[in-house]
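Open the model in your viewer and keep the selection tool at hand. Each stop below says what to select and what is there.

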Amino acid sequence: MILSRRALLQIGLGGALARPARAQGTRSYRILMLLWRGETPVEKGFRDYLAEQGMRAEFLIRDLDRDLSRLPGFIAEARNLKPDLVYTWGTGITLGTVGPWDAPDARVHLTDVPVVFSMVSSPWKTGIAAPPDRPPRAFVTGAVHIAPLEVQINAIRAYLPLRKLGIVYNRQEPNSVSNAEDLRALGGAMNFELLEAPLPTEGGAAPSPDAIPGAVADLARRGAQVLYIGPDNFVGAHRAALTAAGLAEGLPCFTGTELEIRDGDAMFGLVSRYDMVGRLAASKAMRILAEGRSPGEVPIETLQRFSYVVRLPVAFALKLYPPLPLLDYAEVIR
Amino acid sequence: MKSSLAAKIGGAMALIIVAAVSTTTLLNILRFEEAYQDFVARRLHVIAADIRRDVVFGLDLGLPLQAMDNLPDILARHIRAGDIEAITLRDCEGGIVESAGTPRHVGGVAWPSRKPPETWRRFSDETVALGVRIDNALGECAGVITVDHSAALYAAAIDRNRLRLLAAGAAGMLVAIPAFLLARRLFRRRRAVLGAIEANMAAILAGAADGGDGIDPQALPSGDTIERMVVEAYRNARPAMIAATASGKDDQA
Amino acid sequence: MIRRWLLDPVTQCICITGVALAVALSGISLLSFHTSQDALFGQLAGKALIETDQARRRIDRALDLGIPLDGIVGIDAMFKGLVAAEPDIAFMVVSGSDDGIVSASGLSASEIGVIQAAAPEAMPEGAASGQSLRGGHLITRLPLTTPSAAGSHVAIGYDAEALTRPLRDSLVDVGIILLAIMLLSFELMLLVLTVNVVLPARTAIRVLREAATGRFSLLHGQVMTDELGRVLGRINEGVRRGAAKLGITPSATHEPRLVGVRLLAFLFVCAEELARPIMPAYFETFITSVPALGRETAIGMMMGAHMIMVALITPAASMLYGHIGRRHMYAAGALIATLGLLGTAFAQGFWDLLLWRTLSGAGYAITFTACQGFVLESTGQANRSQGVAMMVSGIMLADVCGPAIGGILAARIGYPATFVLGAGLALLAVVLMPRLMGPDTRATADRPPRITWSALTGTLRSPRFVALLLLAAIPSKVLLTGYLYYLVPVALIERGANAAEVGRALMIYGLVALVSGPLFARLADARGRHGLAVAAGGLIAAMGILPVAEIPVAWVIFLGIAALGLGQALSISSQVSVAIDLSAAAINVHGTGPVMGVMRLMERLGGSFGPFVAASLAAAFGTTTAMGLLALYAGGSAILFLAVSMRAPKPQPDAPS
């Protein structure tokens with residue numbers, strides 16, 4: 001009786017949001033980039049976005065080359081250079097640059113220059129950002145490159161039904177432990193069981209990659225349907241061993257980061273394209289520089305859409321063909 | 001001026017029927033146009049959404065609109081339908097990136113510095129079009145797809161059906177004719193009774209009253225009807241009337 | 001007596017009009033249904049083609065990736081996605097090169113087989129190749145293009161109902177419109193016949209009867225040029241001669257045109273009722289401008305303003321009636337209502353809207369009083385109840401047609417324009433008034449009842465009368481204003497209804513009351529159990545409304561509206577009888593009119609709080625729970641009233657009834 005026929009086709013009238021104004025004028029901005037391992041596609045996306053928006057910028061590149069001990073020197077340099085904005089890559093550099101939200105040290109950290117970070121998976125948990133119920137930090141904002149866990153679980157379920165999710169991780173990495181805790185908690189709300197196989201660590205020594213196949217076999221025996229690859233440095237480094245073990249046990253691997261699927265044998269993943277993350281960070285830099293907003297007013301965000309990537313040879317090997325609706329938006333690697 | 005009761009009542013009835021039929025026809029036409037517009041808009045939306053899906057796929061691969069080589073194919077796929085005049089992909093400032101068919105306008109949206117609405121439709125004499133916005137992964141406007149339906153064909157379909165409905169309405173009005181005739185017949189029979197009374201009364205007034213009241217009992221409907229009561233009252237009053245007019249004549253004489 | 005008059009020719013004419021309209025209107029609606037369906041087919045076929053092509057491309061892509069046809073997963077999921085966007089898609093089927101079914105969604109493989117095997121039906125123009133109409137479905141079948149799947153097809157079947165759905169959805173609209181148009185046509189036909197045939201004939205009979213006694217003192221006063229007019233002219237001539245002989249001057253006479261009161265009552269009530277379905281939603285848009293009042297108080301004030309003005313202005317208008325006369329009073333009232341409705345349409349903010357609403361209420365009360373006076377002046381004791389019934393039937397007709405037509409209009413032309421239209425109706429009433437109301441006749445002593453202070457205090461001293469007020473009359477009005485006028489539109493709009501659907505729902509109330517009212521009145525009169533009828537009416541309404549608190553869906557709301565109509569029809573006419581029984585002492589002193597005036601005043605004052613109470617309950621507990629709570633209040637009151645009236649002594653057999 002109450003029809004929703006009209007609701008089918010809404011005549012869109014809302015959504016009149018202001019687009020970021022095109023940067024005009026001749027002013028050129030100086031942006032200091034603190035990088036972990038040289039320029040990546042993230043920085044390319046960052047530069048492209050600013051160029052497309054018509055902003056003139058001078059980039060000062062400082063590469064830590066995977067060595068955090070170089071950071072204090074660059075920070076000292078930054079104080080003299082007085083750039084308009086500092087760009088930071090990854091959790092380590094960002095935290096080292098801005099300090100924890102509740103106790104930044106003005107002598108050690110940059111506290112009066114706008115900082116835009118990229119490639120930080122969880123700024124709130126690592127203390128880079130103030131908790132959601134607190135006022136945001138005045139000089140820090142940035143782009144998160146990991147899809148929320150919930151979204152990742154939904155992505156798995158778009159491919160296959162999920163009741164038991166297996167995870168192999170290194171107990172020594174706090175990031176991995178907390179990730180496992182989050183998944184366990186989410187299992188209750190989203191109706192799946194998390195099966196954990198922490199790698200054995202004897203006497204504080206780092207785990208051995210040789211333990212990975214055994215851990216995967218154990219998960220397979222317990223009925224895991226998918227192996228989840230989290231933000232674990234050890235597992236990341238030995239991803240080939242993990243995916244191979246999965247393949248042997250008939251277990252597909254799912255990942256939330258790009259590397260494991262582009263340069264590994266994970267079957268599927270929901271990832272942010274690096275240049276998109278760079279663009280997102282650049283859109284925040286735009287708002288600060290061109291619109292004159294305080295970083296505190298510009299929310300820390302993740303992308304609105306993530307790339308669903310399917311590695312077809314792995315899928316074929318596991319005889320798990322991607323479902324039709326997924327092919328509409330999934331990037332298929334043949 | 002003489003007028004006929006039968007014509008008056010029959011005319012009123014015909015008028016009421018014509019008014020009722022016109023109103024219904026008007027509402028039928030409005031209802032059809034609403035449904036037709038809805039159907040066209042839904043079809044255009046399916047086309048636009050289909051194209052949007054492909055464009056978004058490209059965007060998510062990191063391709064800017066300008067670099068999508070397969071755009072002409074994607075757009076041309078739907079132009080095959082004869083009544084789709086143009087399909088256009090624009091950037092968010094309204095500049096045409098790619099188009100198939102013959103784009104005629106910008107779809108009526110003020111582009112500069114405003115985010116176009118997520119979907120809109122425009123149905124006017126010159127334009128029958130629907131547009132959808134494409135967002136990139138950052139949630140920013142990445143482009144706009146407009147699908148133009150031929151306004152002439154749309155108007156022709158509406159007009160054709162409007163004519164049919166008007167014809168149906170006109171045909172419906174024809175029932176006013178038998179209704180009018182029937183009502184007139186009904187009152188004609190009454191006119192016989194009224195005419196008899198009038199003639200009889202005229203005779204009385206002229207002093208030429210005879211014995212009867214001149215009313216044919218066959219013409220009187222059975223039952224307790226209004227004519228019977230008038231006739232009865234007249235019959236009862238007749239002697240007094242004759243007396244009144246007759247004695248009046250005597251006085252004059 | 002009147003019924004005998006109506007037997008012929010009025011009934012016949014109404015029947016002819018009815019049959020003619022039924023044939024014409026249903027005929028053209030059916031025809032439009034079919035031609036519209038043909039015109040829509042092309043668009044549906046075009047859409048089905050795109051959707052099928054999409055499905056084909058997806059399957060081709062999967063095949064292209066190397067997935068075997070029988071290994072494709074997610075066809076069902078894709079189908080669900082299609083159906084979510086287009087509920088009329090009935091099935092999708094993928095068939096292999098041997099025509100064997102690889103996957104079937106929506107319907108079972110065998111069901112689809114039966115449909116596909118059915119003989120193709122003739123199609124309207126607009127279909128592409130690969131499309132056919134079989135077994136009540138529009139089937140679009142496209143071949144897969146991947147070489148590895150040569151000979152395979154994908155087909156999507158649309159339920160052919162999709163074509164009729166948008167038209168069928170508005171079929172209820174059509175029915176309502178037809179009903180309203182028929183009722184209005186009858187009304188007009190009745191007016192034409194009464195004025196042209198029935199009234200002159202009745203006068204003629206009166207003149208003839210007078211002449212039959214030889215008195216010749218009455219002339220027919222209506223000038224007409226038709227056959228009836230000519231007869232009347234002759235008769236008048238005879239009367240004049242007879243009178244001249246007697247040496248007297250006969251006076252012209254005609255029947256009072258009481259029938260006009262139907263249209264007059266219809267017009268002023270309809271002017272207000274047109275906007276009934278949209279009132280809560282429209283008023284809500286003004287609430288934000290007065291944060292200080294609080295939403296519930298504000299909406300309560302706005303909705304209650306009309307009722308409270310009716311309560312207060314009616315007694316005042318009754319007092320002025322003798323000085324002003326019905327014609328001026330009706331014109332003034334209708335003009336004030338016009339102004340109020342126009343102002344409502346163009347209101348700028350909360351306070352001026354409140355002013356316009358009070359004006360509308362005042363206008364309503366004044367026109368109501370004028371119509372009431374018209375009835376009282378044009379009837380004697382013998383035909384008074386028929387006169388009142390005539391006015392009530394006009395109001396009822398407006399209750400049925402107003403919200404239904406207003407709702408459909410509001411959905412098309414917008415809220416303010418609907419109020420403007422209401423103003424137009426009120427103005428039309430001013431224009432038609434001189435023809436419909438006839439000249440003022442101040443001869444009779446019957447006037448709209450005045451409320452005197454002593455009548456008020458005298459009446460309110462009777463505890464049973466107060467019980468009737470508090471436990472029956474006020475709860476009735478609270479249900480009307482709080483439930484029907486406020487909660488029903490709000491709840492239906494919450495469920496996605498538009499103004500037309502709200503109007504249709506509100507119409508149920510008028511329709512049920514219109515049909516069941518006379519029936520119940522007769523039943524209660526025959527049984528003489530008025531107290532029981534009042535309590536039963538309250539209980540029926542309460543029990544009908546109550547379930548919505550547990551099952552908050554649209555049709556349960558409709559059920560509640562129907563129950564309210566039934567309950568009010570049962571209870572209200574009996575309330576009058578009970579009031580008269582209960583206040584026999586007061587009536588002996590003050591007369592019936594003032595006592596009834598007190599009851600109307602008090603129940604309307606109580607009823608004006610209905611929207612406020614309803615809005616507050618809805619804000620605290622949700623709309624449907626608020627409905628349930630109001631139902632509990634009304635039901636509890638009815639039970640208490642039953643208890644009180646059971647203990648009351650039987651009314652005196654000679655009490656006025």
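Start with chain A, in contact terms: two residues are in contact if their C-beta atoms, placed from the backbone, lie within 7 Å. Of the contacts in chain A with a separation of 6 or more, 73% are between residues 24 or more positions apart.

Before going on, note that this is a predicted model: local features need pLDDT of at least 70, side-chain atom pairs count only at pLDDT 80 or more, and totals for chains, interfaces and linings use all residues. Residues are numbered from 1 along each chain as its sequence is written, while chains are lettered from A and ligands numbered from 1 in the order in which they are written.

**Chain A overall**

Colour by pLDDT, the predictor's confidence in each residue, from 0 to 100. Chain A averages 86, and 92% of its residues score at least 70. Now select residues 1–24 of chain A. Here pLDDT stays under 50, and the model has 53 contacts beyond four places in sequence for this stretch.

Switch to cartoon. Chain A has 13 helices and 13 strands. Helices (H or I, at least four residues) and strands (E, at least two) are DSSP runs, numbered from the N terminus. Of the 334 residues in chain A, 42% are buried. Buried takes 20 or more other C-beta atoms within 10 Å of a residue's own; exposed takes 12 or fewer; partly exposed lies in between, with C-beta atoms placed from the backbone.

**A:Leu68**

Select A:Leu68, in the loop between β2 (56–63) and α3 (71–81) of chain A. Is A:Leu68 buried or exposed? A:Leu68 counts as exposed, because it has 12 C-beta neighbours inside 10 Å. Beyond its neighbours within four places in sequence, A:Leu68 is in contact with A:Gly92 and A:Gly96.

**Chains C and B**

Show both chains. Here 67 residues of chain C are in contact with 73 residues of chain B. On the side of chain C that touches chain B, α2(C) gives the most, with 25 residues. By class, that side has 37 nonpolar (Ala, Val, Leu, Ile, Met, Phe, Trp, Tyr, Cys and Pro), 17 polar (the others, Gly among them) and 13 charged (Asp, Glu, Lys and Arg) residues.

Select α8 (residues 260–273) of chain C. All 14 of its 14 residues are buried, so α8(C) is largely enclosed by the rest of the structure.

Finish on chain B. α1(B) is followed by B:Gly62, whose phi is positive, near 95°.

Conventions:
The expected span of a helix is 1.5 Å times one less than its number of residues.
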